[in-house]
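Good morning, everyone. Please look at the model on the screen while I walk you through a few of its features.

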Amino acid sequence: MKKYNIKVNGVSYEVEVEEVGSAAASAPIQPVPASPAAAAKEPAPVPPAPAAAPSAPSAGANTVTAPMPGTIVKINVKAGDAVKKGDVFLVLEAMKMENDITSPADCTIASVNVSQGASVSTGDILITYN
């Protein structure tokens, strides 16, 4: 038998696991909360993953990032364009649905960092604006 501490939905359990084919009699294993000291231990902080660097975007005070992975099917703006709040910057297709990526404020486009047909991942910088 081997003992392990397992965390499920934020609750720690101490479990014993028996090897398959061992000579010991098998008995059902019931989850048992770990000792209070083990449950009180906080996990070590995980450093954030480095963000993917876009290919040389122009300087813009603000960015619009991809909310989900998908493919750029239409781009409605170019660098230097003035747009109003709610105007559609571009259309992102994800899971066979077209999603409008809109302007969060009145602004001027500093750069468009994607091209039509490009695949993007969640968090990729699509547009920078001032």
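**Strands, a buried leucine and the surface**

Let's start with an open sheet: four strands, in the order β4-β11-β9-β6, paired antiparallel. Its edge strands are β4 (62–65) and β6 (82–83), and each of these pairs on one side only. A strand here is a DSSP run of E, at least two residues, numbered from the N terminus. Two strands pair if DSSP finds at least two bridges between them.

Before we go on, a note on the source: this is a predicted model, where local features need pLDDT of at least 70, side-chain atom pairs count only at pLDDT 80 or more, and totals for chains, interfaces and linings use all residues. Residues are numbered from 1 along each chain as its sequence is written, and side-chain values use heavy atoms, with hydrogens and water left out.

Back to the sheet. β6 and β9 run antiparallel, joined by two bridges. There, V83 stands opposite C107 in β9. On to β9 and β11 (residues 125–129): three bridges, again antiparallel. Find I109, and you will see Y129 of β11 opposite. One general point: in a regular strand, side chains alternate between the two faces of the sheet.

Now follow the chain past the end of β9. N113 sits in the loop between β9 (107–112) and β10 (119–120). Is N113 buried or exposed? N113 is buried, because its relative accessible area is 18%. The cut-offs are these: buried is under 20% relative accessible area, exposed is over 50%, and partly exposed is in between, with a 1.4 Å probe and protein chains only. The side chain of N113 also makes a polar contact of 3.0 Å with the side chain of S111. Such a contact is a pair of N or O atoms within 3.5 Å; within protein, one must be able to donate a hydrogen and the other to accept it, and residues adjacent in sequence count only if both atoms are side-chain atoms.

Next, L90, in strand β7 (residues 88–94). Its relative accessible area is 0%, so L90 is buried. What does L90 touch? Leaving out residues up to four places away in sequence, its partners include I72, I75, I101, V114 and L126. Contact means heavy atoms within 4.5 Å. Take I72: 18 residues from L90 along the chain, yet the two C-alpha atoms are separated by 7.3 Å.

Now the charges. How many salt bridges does a search of the whole structure find? Two. A salt bridge puts a side-chain nitrogen of Lys or Arg within 4 Å of a carboxyl oxygen of Asp or Glu. One joins E16 and K3, with the closest N and O atoms 3.9 Å apart. This pair links distant parts of the chain: E16 is in strand β2 (residues 11–17), K3 is in strand β1, and 13 residues separate them. E16 is partly exposed, at 34%, whereas K3 is exposed, at 56%. K78 and D81 form a salt bridge too, at 3.2 Å from N to O. K78 is exposed, since its relative accessible area is 55%.

Last stop: the surface. Y4, I6, V8 and V17 make a nonpolar patch there, with about 330 Å² of accessible area together. Patches take residues with over 30% relative accessible area and no salt bridge; like charges are joined within 9 Å, nonpolar side chains (Val, Leu, Ile, Met, Phe, Trp, Tyr) within 5 Å. Accessible areas come from the Shrake-Rupley method with a 1.4 Å probe; for residues, only the protein chains shown count as cover. Strand β1 (residues 2–8) gives the most, with three residues. Y4 belongs to β1. At 41% relative accessibility, Y4 counts as partly exposed.
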